[in-house]
Amino acid sequence: MERDAVIVAGFGYRTGACTDSLFAALDLARAGHPPVTALAAPADKTALLATLAETLDIPLIGVAPQALRATPTPTQSPASLAARGTGSVAEAAALAAAGPGARLIAHRHISPDRMASCAIAERLDP
């Protein structure tokens with residue numbers, strides 16, 4: 001029986017981040033993992049990711065604030081908790097967008113300029 005995987009790269013990023021920051025964080029997170037099938041970020045911050053999604057030719061998912069807050073994350077950043085009510089925006093976005101039963105296959109990775117983070121979640125469908 002073959003199973004299809006949904007592989008979502010979730011992002012958190014600071015105001016002022018650029019697409020180079022997003023690409024760098026994604027490259028760090030996806031090293032050694034299956035190809036990403038979608039990108040995700042908080043619903044109010046998807047604009048910057050549109051270029052990346054277009055370049056990769058994959059969907060972009062905006063995650064609602066309540067879904068971010070309701071998704072437990074292994075990483076606990078005080079800044080993320082204060083700003084978004086979750087320990088890691090990238091991890092919460094990846095897990096929430098991947099759907100029920102998803103698991104992280106890459107915890108958050110931070111771009112070298114510290115402007116963006118990316119985590120990758122996987123959900124296997126029967």
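Modeller: Let me begin with the naming: helices (H or I, at least four residues) and strands (E, at least two) are DSSP runs, numbered from the N terminus. The model is a predicted one, in which local features need pLDDT of at least 70 and side-chain atom pairs count only at pLDDT 80 or more, whereas totals for chains, interfaces and linings use all residues. Residues are numbered from 1 along each chain as its sequence is written, and side-chain values use heavy atoms, with hydrogens and water left out.

Colleague: Where is Asp57 found, and why does it count as exposed?

Modeller: Asp57 is found in the loop between H2 and E3. A residue is called buried under 20% relative accessible area, exposed over 50%, and partly exposed in between, with a 1.4 Å probe and protein chains only. The relative accessibility of Asp57 is 69%, and therefore Asp57 counts as exposed.

Colleague: What is noted about the phi of Asp57?

Modeller: Asp57 is not a glycine, and yet its phi is positive, at about 55°. As background, most residues other than glycine have a negative phi. Arg114 is a further residue other than glycine with a positive phi, near 65°; it lies in the loop between E4 (103-110) and E5 (116-125), and its relative accessible area of 53% is why Arg114 is classed as exposed.

Colleague: What makes Ser88 buried, and which residues does it touch?

Modeller: Ser88, in the loop between H4 (78-84) and H5, has 1% relative accessibility and therefore counts as buried. Contact here means heavy atoms within 4.5 Å; leaving aside residues up to four places away in sequence, Ser88 touches Thr73, Thr75, Ser80 and Arg108.

Colleague: How many residues of H5 are buried?

Modeller: Nine of the ten residues of H5 (residues 89-98) are buried, and the helix is mostly covered; among the buried ones are Val89, Glu91 and Leu95. H5 lies across E1, E2, E3, E4 and E5, running at about 150° to E1. Just after the helix, Gly99 takes a positive phi of about 100°.

Colleague: How do you know that H1 is oblique to H2?

Modeller: For H1 (residues 19-30) and H2, the axes come within 9 Å and cross at roughly 55°. That value makes H1 oblique to H2, because angles under 35 degrees count as roughly parallel, over 145 as roughly antiparallel, 65 to 115 as roughly perpendicular and the rest as oblique. Residues of H1 including Leu22, Phe23 and Leu26 meet residues of H2 including Leu49, Leu52 and Leu56.

Colleague: What makes E2 and E3 a pair of strands?

Modeller: Two strands pair if DSSP finds at least two bridges between them. Four bridges join E2 (residues 38-42) to E3 (residues 60-63), and the two strands run parallel; Pro42 stands opposite Val63 in E3. E1 and E2 likewise pair in the parallel sense, over three bridges, with Gly10 having Ala40 in E2 as its bridge partner. Ten bridges join E1 to E5, which run antiparallel, and E4 and E5 pair in the antiparallel sense over five bridges.

Colleague: Why is one side of E3 and of E4 left without a neighbour in the sheet?

Modeller: The five strands form an open sheet in the order E3-E2-E1-E5-E4, with mixed pairing. E3 and E4 stand at its edges, each with a single partner strand, so one side of each has no neighbour in the sheet. On average, neighbouring strands of this sheet are turned by 25° against each other, direction ignored.

Colleague: Which elements make a right-handed β-α-β unit with H2, and which with H1?

Modeller: E2, H2 (residues 49-56) and E3 make one such unit, and E1, H1 and E2 make a right-handed β-α-β unit as well. A crossover is called right-handed if, with the strands pointing away from the viewer, the path from the first strand over the helix to the second runs clockwise.

Definitions and conventions:
Axes fitted to C-alpha atoms, helices over the stretch in contact; angles between N-to-C directions.
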